[in-house]
Amino acid sequence: FNRFIRRIDVNYDTIIVIEISRSLFDTDTELYFICVYLPPTDSPFYDTSDHSNGISILEQCLLELVEKFGEVSFIICGDLNSRTADKSPACVDLTEGLLAQDDPFHTSVRKSQDNCLNDYGELLLQMCSAFDLSILNGVCNGDEDGHYTYISQSGCSVVDYFIVSTNIALLPQTLTVVERLDSQHLPVVCTL
């Protein structure tokens, strides 16, 4: 895969960006695979950061990539510490006019086992709307119910996501939350 991918240097401690050549998946634009961890709102991380929240860090990274590379598509994954309940970004409808037997998005309503919408979740939804991004959790084959991705004694939530540019939304085929006991965060696996 060396000829299809390269690491892009970014100045964010909690973000890794990999450029994927458009020829690998036959897409119209280069894909930028972004692995991210956003510290929670009460983290001391923000005491020394130029940003007041993790969503603004991710948003700044996306802006810099668009400014540097022009028209691009994103695949974002990671622990975003954002709870979006069953909300979808405004003006984004993955399923309108796209329903077919082999379509990975067979539901028009995003579902989630997590009913909470927190401040980060609101900001994440706004960012997704601004960048024309779609949340795959709760709409993609394999995760039709929006399974919990974080399980602890104090409660369960959906905070680990796969988010893609709407123009490549049909590229993912399945999204699965894998049950395991060695971490409170469950692996979220997206098959392309």
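The backbone oxygen of Tyr 37 lies 2.9 Å from a polar atom of the side chain of Thr 14, a polar contact being a pair of N or O atoms within 3.5 Å in which, within protein, one atom must be able to donate a hydrogen and the other to accept it, while residues adjacent in sequence count only if both atoms are side-chain atoms. The model is a predicted one, in which local features need pLDDT of at least 70 and side-chain atom pairs count only at pLDDT 80 or more, whereas totals for chains, interfaces and linings use all residues. Residues are numbered from 1 along each chain as its sequence is written, and side-chain values use heavy atoms, with hydrogens and water left out.

Thr 14 is placed in the loop between strand E1 (5–8) and strand E2 (15–20), where helices (H or I, at least four residues) and strands (E, at least two) are DSSP runs numbered from the N terminus. With a relative accessible area of 18%, Thr 14 is buried, a term that means under 20% relative accessible area, with exposed meaning over 50% and partly exposed the range in between (1.4 Å probe, protein chains only). Leaving aside residues up to four places away in sequence, Thr 14 touches Cys 35, Val 36, Tyr 37, Pro 39 and Phe 45, contact meaning heavy atoms within 4.5 Å.

The protein as a whole has 3 helices and 10 strands, which follow one another from the N terminus in the order β-β-α-β-α-β-α-β-β-β-β-β-β. A compact globule of 192 residues would have a radius of gyration near 16 Å, and the value of 16 Å for the protein agrees with this; the radius is taken over C-alpha atoms, and the globule rule is 2.2 Å times the number of residues to the power 0.38. Of the 192 residues, 47% count as buried, and among contacts with a separation of 6 or more, 68% are accounted for by residues 24 or more positions apart.

Several buried residues illustrate such pairings along the chain. Leu 31, in strand E3 (residues 31–37), counts as buried because its relative accessibility is 0%. Beyond four places in sequence, Leu 31 touches Ile 18, Glu 19, Ile 20, Phe 25, Ser 73, Ile 75, Ile 168 and Leu 171, and its C-alpha atom is separated by 9.8 Å from that of Glu 71, which is 40 residues apart along the chain. Met 127, in helix H3 (residues 119–131), is buried with a relative accessible area of 1%. The C-alpha atoms of Met 127 and Glu 59, 68 residues apart along the chain, are separated by 6.7 Å, and Glu 59 is one of the residues that Met 127 touches, together with Ile 55, Leu 58, Leu 62 and Leu 133, when residues up to four places away are not counted. Ser 134, in strand E5 (residues 133–135), is buried at 1% relative accessibility, and its side chain is joined to that of Thr 166 by a polar contact of 2.9 Å.

Backbone angles were also examined. Most residues other than glycine have a negative phi. Asp 26, although not a glycine, has a positive phi of about 55 degrees; Asp 26 is placed in the loop between helix H1 (22–25) and E3 and counts as exposed at 70% relative accessibility. Asn 81, also not a glycine, has a positive phi of about 45 degrees and lies in the loop between strand E4 (73–79) and H3, where Asn 81 counts as buried at 19% relative accessibility.
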